[in-house]
Amino acid sequence: MVSNAFPVGPELYWLTVLTIATALFWVPYILGMIMCRGLVGALVTREGDDPGTFAWARRGQLAHRNAIENLAVFAPLAIGVAITGTGTETTALAAMAFFWLRLAHYIAYIAGVAVVRTLLFVGGVVCQLSLGFAILSAGATP
């Protein structure tokens with residue numbers, strides 16, 4: 001069930017939750033660096049350095065980057081739905097599904113389950129398109 005208790009709409013609620021989650025997605029690969037290099041070694045690692053010898057830590061770093069890239073697409077769409085007042089039950093469900101799909105994508109990415117990861121990614125794109133089409137179908141053309 002979709003909650004409408006958030007004062008600015010469910011799309012912005014899920015955007016907020018996703019943004020917080022994305023902000024925390026760096027934690028596993030930093031822990032991997034600490035496990036491989038020790039605390040001091042992890043602190044002095046330069047940009048672009050491999051996060052360690054653990055494959056899951058490297059995938060965690062890539063998953064975090066992918067999450068940021070997709071947040072850059074989802075955020076303006078969710079904000080656009082809120083600003084234009086084009087939110088519907090469908091856009092609310094799409095925003096909620098996007099959050100859960102992205103969380104599952106992150107987990108699948110770290111676990112190295114490529115096919116599942118790809119399917120989850122595609123599901124997220126469908127959710128993004130749903131929000132975009134809701135804005136475009138609202139009527140006004142330039």
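**Figure 1. Helices H3 and H5 cross with a left-handed sense in this predicted model.** The axes of H3 (residues 55-84) and H5 come within 9 Å. They cross at roughly 25 degrees. Angles under 35 degrees count as roughly parallel, so H3 is roughly parallel to H5. On the H3 side, the contact is made by Asn66, Asn70, Val73, Phe74, Leu77, Ala78, Gly80, Val81 and Thr84. H5 contributes Phe121, Gln128, Leu131, Gly132 and Ile135. By class, the contact of H3 with H5 has eight nonpolar and six polar residues. Charged residues are absent from it.

**Figure 2. Helices H4 and H5 pack roughly antiparallel to each other.** H4 covers residues 89-111 and H5 covers residues 114-136. Their axes come within 8 Å. The crossing angle is roughly 155 degrees. Angles over 145 degrees count as roughly antiparallel, so this pair falls in that class. H4 passes H5 in a left-handed crossing.

**Figure 3. Residues of H4 and H5 that make the contact.** From H4 come Thr90, Thr91, Ala94, Ala97, Phe98, Leu101, Arg102, Ala104, His105, Ala108 and Tyr109. From H5 come Val116, Arg117, Leu120, Phe121, Gly123, Gly124, Cys127, Gln128, Ser130, Leu131 and Ala134. By class, the contact of H4 with H5 has 13 nonpolar residues. Seven polar and two charged residues complete the set. Phe121, Gln128 and Leu131 of H5 are listed in the contact with H4 and also in the contact with H3.

Figure 4. The side chains of Thr91 and Glu11 are joined by a polar contact of 2.5 Å. Leaving out residues up to four places away in sequence, Thr91 touches Glu11, Val81, Thr86, Ser130, Leu131 and Ala134. Of these, Ser130, Leu131 and Ala134 are on the H5 side of the contact between H4 and H5. Val81 is listed for H3 in the contact of H3 with H5.

**Figure 5. The chain around these views has five helices and zero strands.** From the N terminus on, the elements run α-α-α-α-α. Of the 142 residues of the chain, 38% count as buried. Among contacts between residues at least 6 apart in sequence, 69% join residues at least 24 apart.

Terms used: Residues numbered from 1 in each chain as written. Predicted model: local features only at pLDDT ≥ 70, side-chain atom pairs only at ≥ 80, totals over all residues. Heavy atoms only, no water. Axes fitted to C-alpha atoms, helices over the stretch in contact; angles between N-to-C directions. Helix = DSSP H or I, 4+ residues; strand = E, 2+ residues; numbered from the N terminus. Parallel < 35°, antiparallel > 145°, perpendicular 65-115°, else oblique. Left-handed = near helix turned anticlockwise from the far one by under 90°. Contact = heavy atoms within 4.5 Å. Nonpolar A, V, L, I, M, F, W, Y, C, P; charged D, E, K, R; others polar. Polar contact = N/O pair within 3.5 Å; in protein donor to acceptor, adjacent residues only side chain to side chain. Buried < 20%, exposed > 50% of the residue type's maximum accessible area, 1.4 Å probe, protein only.
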